[in-house]
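Please examine the sequence and the structure shown here before reading on.

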Amino acid sequence: MYLILLWIFFMGNPELPQSHSDSSFNHPDQENPESNKIVKIKNKAIPFAILDPVLKALSYFPELDEVDISFEFKEKISGAVMQAQPKIFSLFVDGKENRKYKVKITRELAFYNGDVLPIEEVPYDALVGWIGHELGHIMDYLDRSSTDMMHFGARYFMSKQKVTEAELTADGYAIGCGMGHQILANKNYILDNDGFEDNYKDKIRTLYMSPQMVLTLYEALSKE
């Protein structure tokens, strides 16, 4: 069971391979191949479609300048829109100083009413905040040993309290780096959007900082 939990955390759910036919699956990159092109800048690999918001989010995290991060489009991520993880091979081979990471990003938001929205069409500040939250997770991972990361992954799936702690920590890092406005924009975009299912909104309300908490922390830090 422990190994299965680790596999899910670092690799994704092995029981959910996605299949599609050409008639039912039409990514925006099929219409515009440039949108799916990978742009490599130093030690970062970024899909062209979200290059600007990713670079904007990274600008708030100078601590990540020397960290290898790949931003990867995925058709679907179980239970999430984005997910930051260490690369599994790097976790075991590289020391924490040289560890490589990936941020998986859902290519399209599929709303429960049937509407589909390419991720790059999310309002700019909300998208920057979404990415910033994931970079906050990577900030949390930087000083963790490989053993600690494996324990962290197992605890994340076994304890709701640990999930909350991890998500609050990621938000805290992003807000502490000056992203309060974008994190707030992201929360409001999700909670005020009729397209998201209620159970997803409940997850955001339960496990993450509320908009009021974000605003309070952002204002407090702005006064320092």
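Predicted model: local features only at pLDDT ≥ 70, side-chain atom pairs only at ≥ 80, totals over all residues.

Residues are numbered from 1 along each chain as its sequence is written, and side-chain values use heavy atoms, with hydrogens and water left out.

Helix α5 (residues 124–141) packs with helix α7 (residues 160–191) at an angle of about 165°, their axes lying 7 Å apart. Axes are lines fitted to C-alpha atoms, for helices over the stretch in contact, and angles run from 0 to 180 degrees between N-to-C directions. Helices (H or I, at least four residues) and strands (E, at least two) are DSSP runs, numbered from the N terminus. The two helices α5 and α7 are therefore roughly antiparallel to each other, a term for angles over 145 degrees.

Helix α3 (residues 51–58) has the buried residues L51, P53, V54, A57 and L58, where buried means under 20% relative accessible area (1.4 Å probe, protein chains only). These residues of α3 pack against α5 and α7, and also against the strands β1 (38–41), β2 (44–47) and β3 (69–74); contact means heavy atoms within 4.5 Å.

T106 lies in strand β5 (residues 101–106). Why does T106 count as buried? Its relative accessibility is 7%. Not counting residues up to four places away in sequence, T106 touches K74, E75, I77, A80, V81 and I119.

How values were computed:
Buried < 20%, exposed > 50% of the residue type's maximum accessible area, 1.4 Å probe, protein only. Parallel < 35°, antiparallel > 145°, perpendicular 65-115°, else oblique.
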